[in-house]
Amino acid sequence: NDTTAFGRLHALWTLEGLHALKTDLIVRALRDNVAGVRENAIKIAEAHMHNSPEVAEALLALRNDPDVKVTYQLLCTIGSLKTDVANVLRQEILFDHVDDPWMQLAALTAPAMSANDLLREILAGKLDPNKYRSLVERLATLISAENQSNEIASLITAATAPGSSAVHVTILDGLSGG
């Protein structure tokens with residue numbers, strides 16, 4: 001019964017389980033007016049997005065979805081898309097939801113996301129480091145945990161540069177956590 005969200009949701013997962021789900025139905029479900037259907041359609045789309053440009057394009061079109069659960073699932077799903085558009089979208093969603101630790105985790109676990117590059121961008125002054133303190137700490141922790149001495153030394157140099165700053169302390173906290 002496609003007149004109820006529950007019916008559409010069950011139909012999607014049933015067709016997916018039977019390996020009978022067509023691309024056009026996935027794209028249609030990604031545009032559904034019910035957030036729960038869109039969220040599940042994103043999960044289903046993970047198995048299809050690498051073989052179907054239409055599915056990948058429909059996923060990226062969800063950038064401004066008003067539902068935070070849909071946005072979170074989108075961020076998790078596009079983590080394995082290795083395109084410039086997906087990289088930009090991951091960063092935009094991350095910065096729009098920077099205070100949400102779950103959004104940070106979703107963005108930073110993407111294989112294509114570079115903690116080093118992102119932290120350099122913040123510390124270079126392109127973004128206000130005070131606004132992104134929790135992210136700066138998490139990035140420093142990730143970099144420290146990778147145990148790359150040259151990157152750690154670079155962070156220590158940045159954190160001990162002249163001019164006391166709360167961000168310097170945040171970097172050191174992250175390094176010690178890693």
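These legends describe views of a predicted model.

Residues are numbered from 1 along each chain as its sequence is written, and side-chain values use heavy atoms, with hydrogens and water left out. Local features need pLDDT of at least 70 and side-chain atom pairs count only at pLDDT 80 or more, while totals for chains, interfaces and linings use all residues.

**View 1. The helices of the protein chain.** The chain has 11 helices and 0 strands. Its pattern along the sequence is α-α-α-α-α-α-α-α-α-α-α. Helices (H or I, at least four residues) and strands (E, at least two) are DSSP runs, numbered from the N terminus. The C-alpha trace spans about 65 × 25 × 25 Å along its principal axes.

**View 2. N150 in helix α10.** Helix α10 covers residues 149-159 and includes N150. N150 has a relative accessible area of 54%. N150 therefore counts as exposed (over 50%; buried is under 20%, partly exposed in between, with a 1.4 Å probe and protein chains only). S165 lies 15 residues from N150 in sequence and 22 Å from N150 in space, C-alpha to C-alpha.

View 3. Of 178 residues, 42% count as buried. Among contacts (heavy atoms within 4.5 Å) with a separation of 6 or more, 61% join residues 24 or more positions apart.

View 4. The chain exposes about 9600 Å², by the Shrake-Rupley method with a 1.4 Å probe. Carbon and sulfur atoms supply 53% of this area. There are 15 positive and 22 negative side chains (Lys and Arg positive, Asp and Glu negative; His and the chain ends not counted). The centres of the two sets lie 2 Å apart, with charges placed at NZ of Lys, CZ of Arg, CG of Asp or CD of Glu.
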